[in-house]
Each structure stands twice: as structure tokens, then as C-alpha cells.
Amino acid sequence: MALAHSLTPLARTPKLLPSLLLFAPRATSLKSRFVHAPISKSSFFSLSLSAQNPKPFFRPHRNPPIRCLFTGIVEEMGQVKQLGEVDDGFVMKIGAKTVLEGVSLGDSIAINGTCLTVTEFDAAEFTVGLSPETLRKTSLIELEAGSMVNLERAVQPTSRMGGHFVQGHVDGTGEIVSMEPEGDSLWVKVRTKKELLRYVVPKGFIAIDGTSLTVVDVFDEEDCFNFMLVAYTQQKVVIPMKRVGQKVNLEVDILGKYVERLLSSGFVDSMKSS
């Protein structure tokens, strides 16, 4: 459910100096460290990205099926301040303002649509831990110091429901294949796997980097779908800052999964025969 903004080129935030890294000044992006770094049996990279039976170097959070909910209405864009290894984990520190209002340790914040837990915070920034599985399954691996990210706090019972039900559990990623302006709006086409595209329907909901958006068309023969960002939304979310070829996090509408599950379980047939 997108609100969108003018196509005046957005000023890219300058990359922060490598000195901002906590413990690894040699690399400012997760992707460069995970994909290009030399791999040894004892290294963080070999433990986290081993193709054969990967074994996390630390125990990931085991969340219940639904621990919190989001609306997909981005509250603000934060900036990645620091990335680095700490003890046996990997952390990311993000500068923010709005989402820090009333925050507590253990609270959930969606970062580009990925539900993560606050482990530290002060008046200007907060820290989250990242598991290898999260980096394997989401576009967060492409972040670096200076990157802008979408932020949203978990919804409260008294909150206005402006988007749709978003769990913050990323189903997979898509690749931006085109970005075309039309007036002050922006058309974006994304390619993803067939397993995810089956849940994407024209005029249906989808969360892209945590932003609740409406699908315009689905192109099954291309494994693609598209959506439009109006001028206002372009100023409020990170998607227009990305380039063709970059990844976006995708979370499909949970209702489609429930319907598929009911149909495959024979629920409809049992109702007819009862």
C-alpha cells in the first residue's frame, strides 16, 4: 500500500569511513566479507556460509511462528553506523530517532522488513544481532556502513492499521530488473523465484524491504511482478535509492499461505461432505 515521491535524484548518503567498523576495518559490507573473504575452517565466514550442512557459529534466536506484527508502513529511514564481529556473533548498529521512542531491550524492530531484536540502545542509535541464516536469506548481506534502511516498530494493539499484516519473517529476496519513471511516479519490476511468485497476485499486498505495497501486474513468463511508488513514498523508503541488480527483501501476504494450506489439507472437501 504505497505512498510515493518526486523523482528528483535523491542525495546518496556518503559512505562512512571504514574506521566506523567495530572490529573489522578491512571491509565495510557484509556481502564483501561473506562472499569475497578468504575462508578457513576457523573463520566466521566458513562457519556461517558453509554449503554443506551449515552450522551457525552461535545459536540463532528461535522465534515462535508469530512473535510480533508490523503494518509495512515505514516509520523512518535509519543509517547503518557500524558493522562488526563481537565475541561469537555479528552485530549492526543503526542511527535512528523515531523508532527509539519508548524502546526497551528485547523489543522487535523491522529493518528492511526483517524482524530483529534490540540488544543495546541509547538516545541516537540501537544495536541488533545478525545470525548467519538471516544473512543467507535476506538482502541485509548487501548493507554497508552508510547504507539507509527502512525501520518500523512492532505494532501495538492501539495502533492504526495502515498497511497489511507483516510478520517481519522474510520469505526470500527478489532482484530489481527495471526502474522506470512515469511523471513523478516510479515503476519498479522485481524478479523472484517461482516458489514465491505463486503467492503474488495483481492488486494484492506484498512487503518489499518492509514496505507494504500493492502489486500492479504479475509476469509469470518472466518470473516478475511490478509495483508503482508515488512521489511521497519515494522520499520515505529506501527502494528508490537502490539500483537495478540489487536485492530486496520479500514477504508475501500470509493469507495466501493459509488458503493454500487449507486447500491442500482437504479442509474444503471435508466441509462439503459434512
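Two strands are taken as paired if DSSP finds at least two bridges between them, and helices (H or I, at least four residues) and strands (E, at least two) are DSSP runs numbered from the N terminus. The structure is a predicted model, in which local features need pLDDT of at least 70, side-chain atom pairs count only at pLDDT 80 or more, and totals for chains, interfaces and linings use all residues. Residues are numbered from 1 along each chain as its sequence is written, and side-chain values use heavy atoms, with hydrogens and water left out.

The chain has seven helices and 13 strands. Seven strands form an open antiparallel sheet in the order 10-9-13-7-8-12-11. Strand 10 (211-214) and strand 11 (217-219) are at the edges, each with a single partner strand, so one side of each has no neighbour in the sheet. Strand 9 (residues 205-208) pairs with strand 10 in the antiparallel sense over four bridges. Within this pairing, Phe-205 stands opposite Thr-214 in strand 10.

Contacts are defined by heavy atoms within 4.5 Å. Among contacts between residues at least 6 apart in sequence, 72% join residues at least 24 apart.
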